[in-house]
Amino acid sequence: MEPYRIKVVEPIPITTREYRERRYAEGGYNQFNLTADDITIDLLSDSGTGALSAEQQAAGMRGDETYAGARSWARFREVAAELTGYDHIFPVHQGRAAERILFTALLKPGQISLSNTHFDTTRANVELVGGIWRDIPCAEAEDLDSDEPFKGNIDLVALEAALAGPDDIGLVLMTITNNGGGGQPVAMSNIKKASKLCRKHGVPFILDAARFAENAWLVTQREEKYRGHSPRDVVKKAFRLADGCVASLKKDGIVHIGGLLGLNDPELARRCELLLMATEGFRTYGGLSGRDLDMCAQGMLEVTDPLYLRERADATAHLAECARKAGVDSVQPTGVHAVYLNAGRLLPHIPPHQFPGHSLASELYLAGGIRCAELGSLYLGEITDDGELITPAPYELVRLAIPRRVYTRSHLEYVAETLAGIAENPEQVPGYRLTEAPAMLRPFRCRLEKI
Ligand code: F0G
């Protein structure tokens with residue numbers, strides 16, 4: 001059960017199918033055009049959508065808004081330094097700000113960033129400084145159904161070959177957990193070996209640690225050597241294997257806004273500090289208010305609570321299991337922050353160019369007011385300006401991201417029931433065609449129509 005009770009509640013909109021049909025059509029069948037009043041259960045993102053604890057709110061009240069050298073900064077730095085062990089701690093307003101600052105200071109044009117999987121903004125930030133991103137996930141990640149425990153791992157053979165080869169590798173970025181790769185965890189042994197290879201070749205090894213606590217939880221459950229260890233202990237060890245981190249605290253900081261850049265190299269830290277001060281804010285607040293810094297600090301303490309992590313992982317697994325019983329498969333084994341539904345398998349009558357992932361996501365909205373994200377050919381495929389799919393994505397998935405401490409099991413069961421209703425007659429779900437397909441940031445700006 002949830003190791004907390006609810007003190008503040010917020011009504012959620014309960015709407016009719018008729019209303020949802022109208023609103024969705026008005027928004028060009030793009031879920032990014034829906035507004036809060038249209039949505040009953042919002043599983044679009046687990047980022048910045050969590051519920052604050054009473055202690056976080058109290059910490060916010062103690063926030064010190066001194067311009068430079070605020071007490072809130074001292075508290076933020078103390079918690080972040082104790083957790084990560086890095087000598088240089090910079091607050092930023094969210095993860096992508098840390099990415100931009102680090103890559104600007106570290107990557108030279110033409111240099112390569114290697115990763116188990118770069119997140120979208122991470123890719124964009126590599127490209128914006130003239131770098132080249134390359135994903136080298138482990139081979140096990142290809143099989144969505146297998147029970148391999150650490151499908152988030154980096155391919156160590158490919159990593160070693162790249163580091164020893166002629167290419168100019170600027171950094172290696174390990175994303176924990178691997179959000180772009182089905183929310184799968186990375187094993188400590190994989191982090192350790194990748195770290196050793198990077199040290200041998202003198203290449204900076206950085207963690208994208210947005211979900212540091214959830215990765216550590218799965219390590220304590222799935223990696224023999226760490227069974228019985230506390231998640232916090234595993235988090236600390238993971239950070240200490242790297243030369244630094246970029247982290248969106250909107251996930252495992254359980255805050256609405258906030259991020260962290262941590263580094264050991266004093267020269268690199270000096271360059272980052274300059275960029276931070278020019279673009280985000282002074283080095284002791286980096287674009288955050290004092291109360292944000294205090295709530296981040298408290299969130300970083302709370303998130304490694306094993307009772308909290310166990311319940312969150314169990315709730316996500318429960319949703320995946322209900323979906324499976326209803327005949328809807330998801331990427332296995334289930335991670336913590338999201339369930340990735342296999343829409344391609346559920347809707348074989350919808351070809352990739354009619355976007356089965358988008359079709360399932362649309363039906364979840366129309367049938368139940370549930371919003372989620374397509375991760376298939378609409379998002380990842382190659383599409384012409386006329387909306388024609390040239391190269392489909394390897395899989396047609398739908399991500400149900402679970403906000404932290406927000407929805408109860410009965411909310412998740414409502415999601416599962418809605419899914420079960422769709423799975424009873426999947427052949428009735430229609431495909432979609434693009435009517436507007438802008439090349440840049442397509443998922444956010446495109447419009448579609450039902451076929
Ligand atoms: N890295 C990973 C692995 C992420 O999942 C995200 C954000 C970021 C970096 C960027 O952080 O949003 O604070 O700037 N992921 C969100 C999501 C948006 O829904 O998965 P940010």
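Biologist: Which way does α2 cross α12, left-handed or right-handed?

Modeller: α2 passes α12 in a right-handed crossing. A crossing is right-handed if the near helix is turned clockwise from the far one by less than a right angle, and left-handed if anticlockwise. Keep in mind that this is a predicted model, where local features need pLDDT of at least 70, side-chain atom pairs count only at pLDDT 80 or more, and totals for chains, interfaces and linings use all residues. Residues are numbered from 1 along each chain as its sequence is written.

Biologist: Thanks! At what angle do α2 and α12 pack?

Modeller: About 150°, with the axes of α2 (residues 54–61) and α12 (residues 290–302) 7 Å apart. Axes are lines fitted to C-alpha atoms, for helices over the stretch in contact, and angles run from 0 to 180 degrees between N-to-C directions. The helices themselves are DSSP runs (H or I, at least four residues), numbered from the N terminus.

Biologist: And how are α2 and α12 oriented to each other, roughly parallel or roughly antiparallel?

Modeller: Roughly antiparallel, since angles over 145 degrees count that way, while under 35 is roughly parallel, 65 to 115 roughly perpendicular and the rest oblique.

Biologist: Which residues of α2 and α12 meet?

Modeller: E55, Q56, A59 and G60 of α2 meet R291, D294, M295, A297, Q298 and G299 of α12. Contact here is C-beta atoms, placed from the backbone, within 7 Å. The residues of this contact divide into three nonpolar, four polar and three charged.

Biologist: Switching topic: what does UniProt place at K251?

Modeller: The unreviewed UniProt entry has "modified residue: N6-(pyridoxal phosphate)lysine" at K251. Such annotations may be inferred rather than shown by experiment.

Biologist: Where is K251 found, and is it buried or exposed?

Modeller: K251 is in helix α10 (residues 249–252). K251 is buried because 29 other C-beta atoms lie within 10 Å; the cut-offs are 20 or more for buried, 12 or fewer for exposed, and partly exposed in between.

Biologist: What does K251 touch?

Modeller: Not counting residues up to four places away in sequence, K251 touches D46, S47, A210, R211 and H337.

Biologist: Nice. What about R23, where does that lie?

Modeller: R23 lies in helix α1 (residues 17–26), and counts as partly exposed, with 19 C-beta neighbours inside 10 Å.

Biologist: Which residues is R23 in contact with?

Modeller: L34 and D38, leaving aside neighbours within four places in sequence. R23 and D38 are 15 residues apart in sequence and 7.4 Å apart in space, C-alpha to C-alpha.

Technical notes. Helix = DSSP H or I, 4+ residues; strand = E, 2+ residues; numbered from the N terminus. Contact = placed C-beta atoms within 7 Å. Nonpolar A, V, L, I, M, F, W, Y, C, P; charged D, E, K, R; others polar.
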